[in-house]
Amino acid sequence: DLIVVGAGPAGAAAALAASEAGLRVVMLDEAASPGGQFYRAPPAGLSVVPGRQGADERAGDALRSAVAGSAIIWKGGARVWSISSTFRVDAVTAGGSESFTAPRLIAATGAHERLVPFSGWTTPGVIGLAAATILLKSQGMVPGRRTVVAGCGPLLAAVAAKIVAGGGAVAAVVDLAGPSDWLKALPAMASRPDLLRQGLGWALKLGAARVPVLFRHTVTAVSGEEAIDAVTVAPVDAEGRLNGGRSRVFEADALAIGHGLVPGSEIPKLLRAKHCFVPEAGGWTPVRDAFGRCSVAGLYAVGDGAAVAGAEPARLSGRLAGLAAAQDARRL
């Protein structure tokens, strides 16, 4: 009755809601286990010591248990390579090539990281902030012995704090935004006091480790032949342009950098769904109703793959879409 592509917070919530309503659901993801980027499971053979799990790890385990205990047909390790207008989905799985067809399709493919090129940006040791979270969350590894964390957004503090907690050294946090930008965002942050407390906890951890934070700065170059040995940063104006100020060089063997996220809306684009440009949601986003329905009948887009908003809004948007798919199938 329904195909869900993507098994993060949005896709899993959509599949569970639709399955609980009586729809026969297949869910595909290229990862071996549900959870997506935010609740990524450790690889086979690696586990977290009981009692050392954080809230995210516990929530991820609960999500995977819910999927395992449901009637959802789970296809992990599946790489979707073709989707037709009739919602035929072709994927390469461990069992070979498989095809699925349903009258309804939910796209929950998450977001892509936005990286702005600079001199030396392809040098080994340069990784995205999201890639750093994979190392820290699911592999239990820090990006390097001494890391510069740069770019913009809340992932800066999150990644830097996790590196410190993991025993690594953070040479500097290089933030494109200024203190005034963060102050302007406080009223909006106050609507989620739980996340605000989490962010303050990260800041306190960095302060205790005496990590220098450079506001209104950007990375201009990295040096090193086969690997990074230094990162050069320079001040910028409020628009993010270099202002001619004095550059600084930090010795480091890793650079974790990112400039926000872009919705991964390839499926709605491929199926010719209407899109609009919403800067605060990451750019081009599919036009949807309140339940995730796109302009193409039977197609729903949810989570950060439709509009970047974070894990909890993604979960809620997925549940709404799953219920909408069941309603549209006259099962509610």
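View 1. R79 counts as exposed because its relative accessibility is 56%, where exposed means over 50% relative accessible area, buried under 20% and partly exposed in between, with a 1.4 Å probe and protein chains only. R79 forms a salt bridge with E30, and their closest N and O atoms are 3.2 Å apart. A salt bridge here is a side-chain nitrogen of Lys or Arg within 4 Å of a carboxyl oxygen of Asp or Glu. The pair links distant parts of the chain, 49 residues apart: E30 is in the loop between β2 and α2, and R79 is in strand β4 (residues 79-83). Helices (H or I, at least four residues) and strands (E, at least two) are DSSP runs, numbered from the N terminus. E30 also counts as exposed, at 54% relative accessibility.

A note before the next views: this is a predicted model, in which local features need pLDDT of at least 70 and side-chain atom pairs count only at pLDDT 80 or more, while totals for chains, interfaces and linings use all residues. Residues are numbered from 1 along each chain as its sequence is written, and side-chain values use heavy atoms, with hydrogens and water left out.

**View 2. Two other salt bridges.** D90 pairs with R88, the closest N and O atoms being 2.9 Å apart. Is D90 buried or exposed? D90 counts as buried, at 6% relative accessibility, whereas R88 is partly exposed at 40%. E312 forms a salt bridge with R315, with the closest N and O atoms 2.7 Å apart. Because E312 and R315 are three residues apart in helix α8, about one helical turn separates them. E312 is partly exposed, with a relative accessible area of 30%, and R315 is partly exposed too, with 34%.

**View 3. The largest nonpolar core.** A nonpolar core is a set of buried Ala, Val, Leu, Ile, Met, Phe, Trp, Tyr and Cys residues joined through side-chain atoms within 4.5 Å. The largest one has 26 residues, and L2, V4, L23, V25, M27 and I106 have the most contacts inside it. At least two residues of this core come from each of β1 (2-5), α1 (9-20), β2 (25-28), α2 (55-68) and α8 (311-328). The most, six residues, come from α1. Beyond its neighbours within four places in sequence, L2 is in contact (heavy atoms within 4.5 Å) with residues including A18, L23, I106 and A325.

**View 4. Helix α1 beside helix α2.** Two packed helices are described by the angle between their axes and the distance between the axes. The axes of α1 and α2 come within 10 Å and cross at roughly 30°; axes are lines fitted to C-alpha atoms, for helices over the stretch in contact, and angles run from 0 to 180 degrees between N-to-C directions. P9, A12 and L16 in α1 meet L63, A66 and V67 in α2.

**View 5. A buried alanine in a loop.** A252 lies in the loop between β15 (248-251) and β16 (254-259). With a relative accessible area of 6%, A252 is buried. Which residues does A252 contact, leaving aside its neighbours within four places in sequence? They are R146, V148, I228, D229, A230 and V231.
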